[in-house]
Amino acid sequence: MNLAGRIFGSSIGRKVIMAITGVILTGFVIGHLVGNLQIFAEPDHINGYGAFLHQLGPLLWVARIVLIASAVLHIWAATVLTMENHAARDVKYGVKHTLRATLSSRLMRVSGVVVLAFLIYHLAHFTLGFTQAATFKESLPLYTLGTDFKVAGFITVRAGTPTFDVYNMVVLGFQKPVVSLFYIIAVGLLSLHLLHGADSMFQTMGWRSEKWAGGLRKIVVLFCLVYFVGNLAIPGAVLLGKLQPHEPARAAATR
Amino acid sequence: MVAENSTQPISVTLRVWRQAGPAAPGKFVDYPATNVSPHMSFLELLDVVNDGLTLKGEEPIAFAHDCREGICGTCSCTINGKPHGPGHGVATCQIYMRAFSDGDVIIVEPFRARAFPLVKDLVVDRSAFDQIIQAGGFISVRTGAAPDANSIPVPKGDADLAMDAAACIGCGACVAACKNASAMLFVAAKVSQLGLLPQGQPERDSRVLAMVGTMDALGFGNCTNQYECSAACPKAISHDFIARMNRDYLKASVRASFKPAASSATGGA
Amino acid sequence: MAQLDSRIPAGPLAEKWRRHKTEIKLVNPANKRKYEIIVVGAGLAGASAAATLAELGYKVKSFVFHDSPRRAHSIAAQGGINAAKNYQNDGDSVHRLFYDTLKGGDYRSREANVHRLAEVSVNIIDQCVAQGVPFAREYGGLLANRSFGGAQVSRTFYARGQTGQQLLLGAYSALSRMIGAGGVEMHTNSEMLDLVVIDGHAKGIVVRNLLTGAIETYAADAVILATGGYGNVFNLSTYARGSNVTASWRAYKRGACFANPCYTQIHPTCIPVSGDYQSKLTLMSESLRNDGRIWAPKKKEDAKKDPNSIPEADRDYYLERMYPSFGNLAPRDIASRAAKRVCDEGRGVGETGLGVYLDFADAIKRLGEAGVRERYGNLFDIYHEITAESAYQVPMRIFPAVHYTMGGLWVDYNLMSNVPGLFVLGEANFSDHGANRLGASALMQGLADGYFVIPYTIGDYLAGQKPGSRPSVDAPEFKAAAENIRGMTERFLQIKGKEPVSHYHKRLGKILWEHCGMARTRATLTEALKLIPALREEFWANVKVPGSADTLNQSLEQAGRVADFLELGELLCLDALTREESCGGHFREEYQYPDGECKRDDVNFAHVAAWEFQGAGKAPLRNIEPLNYEFTKMSVRNYK
Ligand SMILES: Cc1cc2nc3c(=O)[nH]c(=O)nc-3n(C[C@H](O)[C@H](O)[C@H](O)COP(=O)(O)OP(=O)(O)OC[C@H]3O[C@@H](n4cnc5c(N)ncnc54)[C@H](O)[C@@H]3O)c2cc1C
Ligand code: HEM
Ligand code: FES
């Protein structure tokens, strides 16, 4: 059997697929959050960031393909492993207690599926504009960048460039409490998913040991907490009225 | 739980899974037991109940047991939802009635896993474990061919860690406790024991690949890193060994795919 | 009358085995695969034999009543295994191990066998380390040793408190390798119920498949029994519940001689009995005597007091007092009898008055609690689980319990019984421990037999058997034996009496413990010889075996085993009555020195008593194999 066979065909191999794709997805959601947090600065930031990403062209597609492939593989492995796991206990116990499995670990499938559902909604919402079409970035007036958008000191998008108004799209979207609530539940479950997942990944890759498992656990908990609060902040701030749409006049003017 | 050294007898009800054979239907049946000494072991209570059943003309409860001191790995019930019952780091045969209170209903079930088909009542067939060992859980050493025992020093830390792993009694509680009925802890313990010792190096890669392959083929579930196995293990074997095996498996997979193999020239006359 | 030729090779003691190996017949490699060998039992002796014989190329069939070969009773051995490695540089040597073992056995074993055992002991450790047995090591990475009873050197190798487990798992892995390679055909859940003898040679067995109830027959060119000891004849013992004498006993009834059944070992350090429901006694490893001090109150009145409240001056460290040079490490038989004497004097402790203290207070002072925990933590845990007492705070209570049987099927130097083709290894044979076994030497013997003796000696027999001459299982002898077993099974189920099997096992055990236990007299033995046949008769009239023959039926299994114990028990007492001397584990009160030590009678009893079955209801025949000591002087054992 070759390497691919061993990885795709064995229990441990598939777990490794889960872990590696999980890391990629985690990396993405971290990056995504950091990008999104720019919403707390001038609209120039997040809108410039959006324009920067679009400007990447083929590179953006590479990233998207990697992410989609990761998601597909992650879900594929999760499904196959779960089905095998169900089959492995064909007759259930009359009474069975959990000895130490954490809540997050027991909710992996639920949290995963909800995250998936959210992901689809999220893409439909902010990437494709299938829902809330009225406030989708393509329906909103374009925005003119007030300042240069820099990445690592290099100017990537010049001031004066017209961009989509991501800022307003997000703020207007989140002003609907249902949308915010779904978002909050989803990132909550995603954080819960990562609460087990980030820890679990170290075990799957063989890097975890009791010697530092306590420390690892603390880091993971802290990470998930920060991640959750970070994500909560955006719809939270919108709902609390801390984030308002910038006056559309300026944007409209540039149209 | 009764006070540690109380000698007050207690009364309990055993709710036991009865199933005449692999294909027969099974059900829970209640057996009251009165005047039970707290110093009695749980299996001794089963003995007493069985003698009572025999006298009444009923079939006694079939249950697996042998050494009754927690080392042979034969005993195997799930008691009140936990493989090997209450207590940490002990097997069913090391459970004493002082762990229960007067009036308790004690639910007794077989270990449940597709890879451990039921034989009768509380007895299951764990020969899948033997098959995993047969696939590679050994160091190939022909009798009489070994060098002097002290010719290869083994760092004490490695030897002790290997012993931690080697303490496995092959009872199957890890499988029974895992919500996926995974055998990872059992396999990892053997892979780690041999992988930690210098003597185990020559076959290290082939061993882990063969044992994991066999484990998968036998219908055990997959690990979801919840560590129920090590919590139920009567020898408290650490799930660290699972991480170690994962690493070994990965490395071995890579090496097996890329390391050049010698051409299989045979010897001369 | 059986021909008992011990076939001890000629020549100087240290040369015998080497010379024998070069002189006995061999089977050539191409022919080996034409021979089939049945190995019953996969404890240390059976698993090591099956694996090694398969490596050599023989076709091996292995049978165990357990659900896996890894569960044999050998797994329970705690303390360690002896070997004359002299890694400690403390003056050990093959000769010293030989001498200690011979002396420990109270000069009732064969010199040549014991010497061979000491010689191969060193190879065993090499073999096990190469297999990955994680023996305890020192910081430098070399092997560690501890001391055991009856020796003044540290030659015991150990793996925490689980030496037997680790050695068995080593042998099991070797066996598994050969099963995987197709060299061994493994039959688990298969209980041997009869030996098939054709033209005077052992050529097969009858087994019951314990899961389906099927009675099956298997033919072979030779049959090896490695089925362990018969200590469960006493019901309560440190043995696993399933250990039994059935395989040996059925072979005995087919003509194999049973040697020295009265040599039974009572281990001094076990957890005392707590109630009549008790099914098993738990050993506290002898290694505890390295650091624990055994004592009893000097005054009877103190026996029920809190031990920690008894002042030093009122404690009797009786082993240290009576045996100053060996102290707490006196051999087992001696330490056990001393405990019995103390309890007989009314100084026994605990609820039943049947116990003495094993105290670690001094060790804790010297090593600290952590130090003691590191050495014996798991044993202290076991003690706590069973008694709910912490031995770190109060001394352990211990009492002797049946632990090992030195007697067993008679074998010659090649480990072949008087039935040609039937070999017996491990605890099931009688060969190496005389009247008392020293600690850490049963594991040594089991592995010596399996790894290093039988692979050579079986060739000597097989070379005389034409390849392919093995009978078929269609031979009338197989059919008759299987029919007989079916009939016996039916008979158990038909009795439909009033008592469960366990009832008779308990009563038999009690009779033996009281009449033929640590101390025996003509009167008690004569009495037992009346009680046992009566009990046996009652059993056959009144036992109740529920269920059917064609499924897993544990009561039926137990019935067969207890039926055999009820016969063996009688032979054991008869042997004890006939041996009018005290030696090792066999202590006849009539024969003792004023200080209570064993008084041997080397003039009349320096021999092996090998009992030969003469038919049901007939008195067995007592054959004798004289013990000719060529190199050692039989002397009075002295551990003072
Ligand atoms: C608690 C305890 C601790 C001990 N500690 C030590 C120690 O520290 N050092 C030491 O040297 N010795 C020790 N001993 C003694 C030693 O463990 C045994 O003497 C030795 O292991 C016996 O090995 P064996 O291979 O002869 O038999 P066993 O290990 O008893 O194996 C018997 C085998 O035969 C099979 N069998 C039996 N009857 C049948 C049948 N009818 N049909 C099919 N299969 C059958 C069984 O399935 C099993 O596989 C200890 C013993 C006990 C009880
Ligand atoms: C899309 C739907 C998803 C499903 C159905 C899903 C399901 C699962 C499941 C079943 C596991 C295995 C848990 C275990 O073995 O203990 C897992 C692990 C993991 N998931 Fe997801 N997940 C999803 C999305 C995500 C996303 C979006 C991320 C990242 C942001 C992610 C990150 C992880 C990580 C890091 C692991 C740990 C891998 C390991 O156990 O080694 N998952 N997921
Ligand atoms: S009966 Fe041996 S471990 Fe429980």
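In the predicted model, a polar side-chain atom of A:Lys15 lies 2.5 Å from an oxygen atom of ligand 2; a polar contact is a pair of N or O atoms within 3.5 Å, and within protein one atom must be able to donate a hydrogen and the other to accept it, with residues adjacent in sequence counted only if both atoms are side-chain atoms. For A:Ser200, a polar side-chain atom is 2.6 Å from an oxygen atom of the ligand, and for A:His196 the corresponding distance to a ligand oxygen atom is 2.8 Å. The shell contributors with two or more residues are helices H2 (11–36), H4 (58–88), H6 (108–128) and H8 (177–204) of chain A (helices are DSSP runs of H or I with at least four residues, strands are E runs with at least two, both numbered from the N terminus). H8(A) gives the most to this shell, with eight residues. Ligand 2 lies between chains A and B. Around the ligand there are 24 residues, of which A:Lys15, A:His74, A:His193, A:His196 and A:Ser200 come nearest (a residue is near if one of its heavy atoms lies within 4 Å of the molecule or strand). The shell comprises 13 nonpolar, ten polar and one charged residues, where Ala, Val, Leu, Ile, Met, Phe, Trp, Tyr, Cys and Pro count as nonpolar, Asp, Glu, Lys and Arg as charged, and the others, Gly among them, as polar.

Residues are numbered from 1 along each chain as its sequence is written, and chains are lettered from A and ligands numbered from 1 in the order in which they are written. Because the model is predicted, local features need pLDDT of at least 70 and side-chain atom pairs count only at pLDDT 80 or more, while totals for chains, interfaces and linings use all residues; side-chain values use heavy atoms, with hydrogens and water left out.

The contact between chains B and C takes 73 residues from chain B and 73 residues from chain C (contact means heavy atoms within 4.5 Å). Together the two chains bury about 6,000 Å², 53% of it on carbon and sulfur atoms; buried area is the accessible area (1.4 Å probe) lost by two parts on being put together, summed over both. On the chain B side, B:Thr143, B:Lys156 and B:Met163 lose the most area to chain C, together 11% of what that side buries. Four salt bridges are counted between these chains (a side-chain nitrogen of Lys or Arg within 4 Å of a carboxyl oxygen of Asp or Glu). One of them joins C:Asp67 to B:Arg126, with the closest N and O atoms 3.3 Å apart. The largest share of the chain B side, seven residues, comes from H3(B). By class, this side divides into 38 nonpolar, 17 polar and 18 charged residues.

Within chain B, an automatic or database domain assignment gives domain 1 (10–119) and domain 2 (127–259). Their centres, taken over C-alpha atoms, are separated by 30 Å. In this pairing, 17 residues of domain 1 are in contact with 20 residues of domain 2. The domains bury about 1,300 Å² between them, 64% of it on carbon and sulfur atoms. B:Pro83, B:Ala115 and B:Phe116 of domain 1 lose the most area to domain 2, together 32% of what the domain 1 side buries. Across this interface, zero salt bridges are found.
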